[in-house]
Amino acid sequence: MTCPPLHRPRRLRATGALRAMVAETRVDPAQLVLPVFVQEGIIEPAEITSMPGVRRHTMETLAKTAAEVVELGLGGMMLFGVPSEENKNATGNQAIADDGILNQALRRVRAEVGDATVIMADTCLDEFTTHGHCGVLDKDGRVDNDATLERYAEQAVAQASAGAHMVSPSGMMDGQVGVIREALDSAGFFDVGILAYSAKYASGFYGPFREAVSCSLEGDRRTYQMNPANRREGSYETALDIAEGADMVMVKPAGYYLDIISDVATLSDVPVAAYQVSGEYAMIQAAAQRGWIDQARVLHETVVSILRAGADVVLTYGAMELASALLKRKE
């Protein structure tokens, strides 16, 4: 007679209620941040072909989206501005200008929702420069780290003045967090936080984002974004940002960098965010459109995996869809 197994882990998988009760990782809408694009000079939202379901917003549809973000209980919004081509230049002046599209958008969202959600601003120059790089170029065409820091400081103060709760330096310039913190404090913005893109890799998964922001990138960003082959460097960069005053740190991309998320979560005393980037989202959408996967199920599973790895917050273009599904389950 065969001896029955003493241990039967399947008992706790027998029903949906049991599985829900013992789930080790849970997704809540407050953990999700929606990246949002707003474009200058359009009168109707513009579809982004490589990111099905994602649009560049007008100021009016941006305000409506902000209200929906609050209604769904999302943790926040990350705003990206898409200026007209004539408003781009070599130094990205419109990123700092009071009437620049991103600063206009920050004011509109703050007026619409106030403090009901966390308003985050992308603090970078790439959308605003004719060359598409994240900083100012020197005479040899290389990104000048220290000259760029001066621009980031100005941009962060402009974004705080426009209503951002958090500024988010994403350019991977050395010393960017410390310079921005000093600038914000000097301007009296002691309560404006910094979400640092601390471990941002030079990834091929950013392709659809280039379309989304009409990026004019010349060359690549491998001299300042991190090498995907490097793991320890992610922890090193993160520790530097925390020491400089980051209130939150981020790993980008997310789904293929779960080891980095785990490492960062282990060392970090501040909350950890991870960005499910445009290429990750686009692959889910493309496979779902072909009937190869269940989109809602896979979206949820990918976010669970990012949280399971150690992230506290996930930026994803599917935030509203996922939050809607989570709320329906509670009804």
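This is a predicted model: local features need pLDDT of at least 70, side-chain atom pairs count only at pLDDT 80 or more; totals for chains, interfaces and linings use all residues.

Biologist: How many cavities of 30 Å³ or more does the structure hold?

Modeller: There is 1 cavity of that size in the structure.

Biologist: Which elements each supply at least two residues of the lining of the largest cavity, and how is that lining divided by class?

Modeller: A cavity is a space where a 1.4 Å probe fits but cannot get out. Here, β7 (193-200) and α6 (207-212) each supply at least two lining residues. The lining of this cavity has 8 nonpolar, 3 polar and 7 charged residues.

Biologist: How much space lies in the largest pocket?

Modeller: A pocket, by contrast, is an open set of points. The largest pocket contains about 630 Å³ of space. Of its 20 lining residues, Arg19, Ala20, Ala23, Thr25 and Arg26 are the closest to the centre. At least two lining residues come from each of α1 (16-21), α10 (295-309) and α11 (319-330). Its lining divides into 8 nonpolar, 4 polar and 8 charged residues.

Biologist: Which residues are closest to the centre of the second largest pocket?

Modeller: The second largest pocket has about 330 Å³ of space. Leu34, Gly53, Val54, His57 and Met320 are the closest to its centre among 18 lining residues. Elements that each supply at least two of its lining residues include β1 (32-39), α2 (59-72) and α11. By class, this lining has 8 nonpolar, 6 polar and 4 charged residues.

Conventions
Residues are numbered from 1 along each chain as its sequence is written. Side-chain values use heavy atoms; hydrogens and water are left out. On a 1 Å grid over the protein atoms alone, a cavity is a set of points where a 1.4 Å probe fits but cannot get out, and a pocket is an open set with protein on both sides within 12 Å along at least five of seven lines; lining residues have an atom within 4 Å of a point. Grid points are joined across faces, edges and corners, and a volume is the space filled by probe spheres set on the points. Helices (H or I, at least four residues) and strands (E, at least two) are DSSP runs, numbered from the N terminus. Ala, Val, Leu, Ile, Met, Phe, Trp, Tyr, Cys and Pro count as nonpolar, Asp, Glu, Lys and Arg as charged, and the others, Gly among them, as polar.
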